Amino acid sequence: MNWTKITRVENIPPREGRPVRIGNLEIAIFNVNGRFLTIENSCPHRGGPLCDGIISGTAVVCPLHGRHFDLETGMPMRVSEPACLATFPTRVEDGIVLVDLTAGHRVMEDAAA
Amino acid sequence: MPDKLVVAGNGMAGVACVEHILKCSPSFDITIFGDETHVNYNRIMLSMVLAGEKSAEEIMLNDIEWYRSNGIHAHLGVRVARIDCSARAVIDGEGRRTEYDKLILATGSSAFIPPIPGVDKQNVHVFRTLDDTRALLAKARKGLKAVVIGGGLLGLEAARGLQVRGCDVTVIHLMESLMERQLDSAGGEYLKRRIESLGIRVMLPRQTAAILGNGHVDGLRFANGEELEAELVVIAAGIKPNAALAREAGLKVNRGIIVNDYLETSDPNIFAVGECTEHRGQTFGLVAPLFDQARVLAATVTGNRGPVFSAPAPAAKLKIMGVDIFSAGSIDESEPGVEVIRYEDPSVGAYKKLLLKNNRLRGMILVGDIADEPVYMDWMRSGTDLAAMRRQLLCPPPPSDPGLEIAEMADSETICGCNGVRKGEIIEAIHKYGITTLGKLKERTKASTSCGSCAGLCERLLRAVAPDFQEETRTTLCSCFPFSYERLRDIVRGQQLKSVEEVLAVYGNRKGCEVCKPALSYMLDMLWCGNHDEDRSARFINDRVHANIQKDGTFSVVPRMRGGVTSPDELRRIADVADKYKIPMVKVTGSQRIDLLGVKKADLPGVWRDLGMNSGQAYTKGVRMVKTCVGTEFCRYGVQDSTNTGIELERRFENLFTPHKFKMGVVGCPRNCAEATVKDLGFVGQEGSWQVVVGGAAGKSVRKADLLITVETSEQALEAAELFFQYYRENGNYLERSYDFVERLGIEKIRKETVYAPAEEKRKLLDRLHRSKALSRDAWLERDRPANPTQFVQIEPMEKVLETQLV
């Protein structure tokens with residue numbers, strides 16, 4: 001694993017997300033009531049900033065057009081939506097959120113097919 | 001002289017029987033003794049009183065006027081102490097003697113209290129009567145450690161009621177699984193998970209060995225030696241028939257008072273009905289069979305002996321909102337020849353189990369999804385041969401003739417078990433009052449007004465009987481809550497809930513979604529006049545950062561420009577900001593304001609600071625603007641000072657939230673240059689007066705506003721506006737524009753409840769508006785005091801990352 005220290009836990013309020021940009025990669029880290037989950041920050045539909053979405057359980061709702069994605073798997077919550085998001089392993093140590101930025105994973109790699 | 005009928009017991013079964021007797025001849029001289037001091041109330045709904053969903057008054061079934069107008073002597077708070085069978089008289093607790101020709105024992109049941117040391121300590125309660133409920137309500141408070149002993153229907157309902165009141169609740173049950181008499185172990189496990197997801201702890205199996213404490217309870221000790229802290233204990237371990245009176249009188253009594261099929265006891269002049277009875281070895285705890293008993297006994301007592309009572313197959317349903325449980329028939333799968341069909345889906349918490357014998361349905365357990373209950377009950381009651389339907393048993397098709405089920409029911413069959421309303425009565429009411437909707441049916445007959453489980457049946461009955469049946473649109477807020485927005489508002493108000501998470505935890509699915517969270521955020525702000533626990537995570541991004549998100553994730557910024565009036569100084573600052581932050585577009589809006597588009601989130605605080613202007617709330621469901629014309633200030637035709645009146649109107653309402661966006665206009669003459677008649681609220685100036693108009697629209701819908709009132713002075717116009725504005729805030733459904741609101745309620749009703757309301761009501765509306773206004777503030781002040789440190793900033797990783805490592 002290749003953990004990168006991102007930020008202190010208190011910088012991501014409960015049930016909100018925050019964007020982090022590293023080079024060309026933008027991720028969104030969410031605090032699901034004390035559990036931190038990371039996805040890529042761009043909605044596959046029209047590129048909406050998912051970090052700004054409302055959380056519903058472990059799903060996030062894109063603020064632009066209301067697409068739902070599961071933060072644990074990156075999968076869309078409705079079957080009619082074809083694309084899924086990459087998720088990143090995330091953990092908390094000494095009050096700091098760490099993300100493995102090299103281990104982004106899409107459940108459906110050839111989703112568009 | 002009519003015969004004297006004495007009824008010992010003023011509960012649901014006894015009074016239901018009296019109601020039937022009153023409909024028959026001959027008439028009796030009736031006396032009712034009731035141990036409780038209350039008139040007859042709906043005991044089944046005590047859990048709703050405990051949960052605050054109903055008031056004590058709302059569960060009254062017969063008011064004192066009913067007793068009076070039927071000539072019934074009611075002795076409330078007086079119990080029958082003794083029966084003198086040979087002299088045909090009862091002796092009451094006050095020593096009075098009352099003679100009878102016929103005596104009905106309807107003494108009910110009382111809570112079974114297991115012989116545990118310490119049950120007599122203070123703060124150990126039972127949950128059986130209205131007084132018990134009131135005693136619990138008096139003690140329930142936030143954080144109180146409450147333990148309910150008993151995981152049956154009543155125990156779970158008590159637990160939920162206490163939890164809704166904010167108590168920290170644990171349910172203790174002697175058995176391996178909850179409601180083990182109605183559910184199997186898998187069903188019990190699904191129920192347990194659902195109960196736990198509501199925030200109630202469940203401990204199984206636990207035998208309570210002692211209730212601990214010095215005087216008042218402070219804990220429990222279990223048989224395994226484990227201890228649990230408790231400040232309040234509710235014992236809900238079952239009921240036992242009140243049969244002592246009958247036993248002492250020498251009647252035949254086993255567990256309950258023994259009755260035959262005609263509800264006669266071993267004494268020819270004494271009868272019994274309700275939970276105090278034992279019929280063919282069976283005692284009763286659910287209400288439906290007791291209403292049948294009441295009807296049978298009424299026939300027997302009035303000399304129409306003939307109808308017989310036969311106990312129906314037991315069916316149980318939990319009356320906890322959001323916990324769907326149904327169980328009916330025989331659930332014993334060990335019997336030879338019984339086949340079991342089972343379905344479960346843990347992700348949605350649904351469990352179904354059907355028990356068949358010879359292709360006929362004998363019993364069922366439904367947890368989490370009880371939608372098919374009517375079809376199953378129909379199959380079970382009618383003994384339908386299911387051989388041809390074996391593949392569809394778990395997802396039964398809708399009946400081919402939906403009216404058949406109704407047609408097959410006798411008029412005397414009970415539709416609403418809670419309120420004892422029969423099919424015949426409903427049909428009579430439908431014709432008599434021309435009922436076409438479920439709402440009207442509930443109003444007229446009381447059917448389906450208690451636990452609501454017969455709503456589907458009532459609707460099917462209405463559909464089959466009413467010539468002009470109208471389906472009511474479903475009005476639940478979203479799938480997170482089983483209520484409409486209006487109902488939820490009453491609950492939140494009644495329960496004094498102050499945060500979105502609290503409402504979701506107590507009444508929703510604990511998750512919430514993008515529909516209910518913003519709606520609840522608005523509701524709480526409105527109900528508590530801004531004095532609530534604001535939760536930014538429950539609000540749309542626009543309300544988290546006070547700007548309007550655009551398609552590329554940037555934001556638009558519209559500063560407040562009251563009445564559309566600006567100054568060279570403001571315009572210069574706007575121009576400087578546009579340069580400094582390289583704002584891609586500056587546009588004049590349709591609302592007489594200026595929009596800065598394409599602002600990055602991180603730049604928002606700086607933009608606001610440099611503008612030095614207030615938020616125009618162009619991003620929220622709230623007060624947008626007041627569009628004005630130049631009125632008497634400059635216009636040759638102006639007859640009213642529209643500009644300054646508009647500015648004052650905007651000042652009074654700005655920074656407040658509304659169910660949907662709220663746009664206003666003020667014009668100085670009827671030429672209407674600022675289009676006040678197509679705004680949510682408008683003032684139209686005339687010579688010597690203002691017309692205040694409401695509910696106009698020129699968006700997706702176009703609607704000319706209705707006239708609310710005509711007044712002489714600007715101050716009067718402003719007050720009328722305040723009344724309407726607050727009334728809409730309080731009564732509008734979230735996302736309901738004023739034009740839909742005005743159409744839904746009708747302008748006449750709105751006038752009556754705002755400008756024509758009694759002075760006291762007006763004062764209250766204004767008072768709540770002014771309280772909200774006093775706590776409101778310019779959202780852009782968060783430029784210097786952000787709600788949290790990363791509200792606007794992009795997080796920078798604490799460590800450098802080599803880009804080559806990234807995939």
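In this predicted model, the axes of helix α11 (residues 423–433) of chain B and helix α13 (residues 455–465) of chain B come within 11 Å and cross at roughly 50°. The crossing of α11(B) and α13(B) is right-handed, meaning that the near helix is turned clockwise from the far one by less than a right angle. Helices here are DSSP runs (H or I) of at least four residues, and axes are lines fitted to C-alpha atoms, with angles from 0 to 180 degrees between N-to-C directions.

| α11(B) | B:Lys423, B:Ile426, B:Ile427, B:Ile430, B:His431 |
| α13(B) | B:Cys458, B:Leu461, B:Leu462, B:Val465 |

By class, this contact has 7 nonpolar, 1 polar and 1 charged residues.

Between the chains, 38 residues of chain A are in contact with 36 residues of chain B. The buried area, which is the accessible area (1.4 Å probe) lost by both parts on being put together, is about 3,000 Å², and carbon and sulfur atoms give 57% of it. A:Arg15, A:Asp52 and A:Ile54 supply 22% of the area that chain A buries against chain B.

The interface of chain A and chain B has 3 salt bridges (a side-chain nitrogen of Lys or Arg within 4 Å of a carboxyl oxygen of Asp or Glu). A:Arg15 forms a salt bridge with B:Asp535, with the closest N and O atoms 3.0 Å apart.

Residues are numbered from 1 along each chain as its sequence is written, and chains are lettered from A in the order in which they are written. Local features need pLDDT of at least 70, and side-chain atom pairs count only at pLDDT 80 or more, while totals for chains, interfaces and linings use all residues; side-chain values use heavy atoms, leaving out hydrogens and water.

How values were computed. Helix = DSSP H or I, 4+ residues; strand = E, 2+ residues; numbered from the N terminus. Contact = heavy atoms within 4.5 Å. Nonpolar A, V, L, I, M, F, W, Y, C, P; charged D, E, K, R; others polar. Buried area = accessible area lost by both parts, 1.4 Å probe.
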